[in-house]
Amino acid sequence: MPKKFPPEFKRDVVRVARRGDLTHAEVAADFDISIESVRRWVRQADIDDGVADGKTTSEQNELVQLRRDKRRLEMENEILRRAAAYFAAGSLPKWVTRWSVTWPPRASRCG
């Protein structure tokens with residue numbers, strides 16, 4: 001699992017990298033992080049500041065939260081659907097089985 005860095009630390013790294021007097025490799029060595037982390041943080045800072053196109057950090061966080069909510073609601077819906085089917089099956093007459101009601105559909109006996 002990747003190491004989590006506080007936002008203040010990331011801001012400091014981006015500020016130093018944007019100054020331009022050090023390469024990304026030198027900045028990474030100074031802060032004891034990977035070069036790719038410096039590149040990724042600078043790229044994301046450019047997006048957040050409106051310099052480049054892409055999803056901002058707040059948009060990404062909102063998208064993650066919405067996906068979590070969607071997954072939770074789908075699970076709740078599935079639980080309610082199964083509970084309704086369970087309780088509905090309990091209200092059927094004893095001679096009717098679950099499968100005879102739902103599958104396969106029978107032809108009408110009335111003529």
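**Aromatic pairs, helix packing and salt bridges**

Phenylalanine 31 is partly exposed, at a relative accessible area of 24% (buried is under 20%, exposed over 50%, and partly exposed in between, using a 1.4 Å probe and protein chains only). The model is a predicted one, so local features need pLDDT of at least 70 and side-chain atom pairs count only at pLDDT 80 or more, while totals for chains, interfaces and linings use all residues. Residues are numbered from 1 along each chain as its sequence is written, and side-chain values rest on heavy atoms, with hydrogens and water left out.

Aromatic rings make a handy starting point. Rings of Phe, Tyr and Trp (its six-membered ring) pair if their centres lie within 6.5 Å; planes under 30 degrees apart count as stacked, over 60 as edge-to-face, and the rest as tilted. By this rule there are five aromatic pairs. Phenylalanine 5 and phenylalanine 9 have ring centres 5.1 Å apart and planes at 20 degrees, so this pair is stacked. Both partners are partly exposed, with phenylalanine 5 at 23% relative accessible area and phenylalanine 9 at 21%. Phenylalanine 9 also pairs with phenylalanine 31, this time edge-to-face, at 5.6 Å centre to centre and 85 degrees between the planes. Since phenylalanine 9 sits in helix α1 and phenylalanine 31 in helix α2 (residues 24-31), this pair ties together parts 22 residues apart in sequence. Helices here are DSSP runs (H or I, at least four residues), numbered from the N terminus. Ring pairs link up Phe5, Phe9, Phe31 and Trp41 into a cluster.

Next comes the packing of α1 against α2. The two helices pack at about 145 degrees, and their axes are 10 Å apart; axes are lines fitted to C-alpha atoms over the stretch in contact, and angles run from 0 to 180 degrees between N-to-C directions. On the α1 side, Phe9, Asp12, Val13, Val16 and Ala17 make the contact, and on the α2 side His24, Val27 and Phe31 do, where contact means heavy atoms within 4.5 Å. Sorted by class, this contact has six nonpolar, one polar and one charged residues (Ala, Val, Leu, Ile, Met, Phe, Trp, Tyr, Cys and Pro count as nonpolar, Asp, Glu, Lys and Arg as charged, and the others, Gly among them, as polar).

On to the charged side chains. A search of the whole structure turns up ten salt bridges, each being a side-chain nitrogen of Lys or Arg within 4 Å of a carboxyl oxygen of Asp or Glu. In one of them, aspartate 49 meets arginine 18 at 2.9 Å, N to O. Aspartate 49 lies in the loop between α3 (35-48) and α4 (57-90), and arginine 18 in helix α1 (residues 7-19), so the pair ties together parts 31 residues apart in sequence. Aspartate 49 is exposed at 51%, whereas arginine 18 is partly exposed at 40%.

Glutamate 74 and lysine 70 meet at 2.9 Å, N to O, and, being four residues apart in α4, they are separated by about one helical turn. Glutamate 74 is partly exposed, at 44%. Glutamate 78 bridges to arginine 82, with the closest N and O atoms 2.8 Å apart; these two also lie four residues apart in α4, about one turn of the helix. Here glutamate 78 is partly exposed at 29%, while arginine 82 is exposed at 55%. Elsewhere, salt bridges with shared partners join Arg18, Asp46 and Asp49 into one network.
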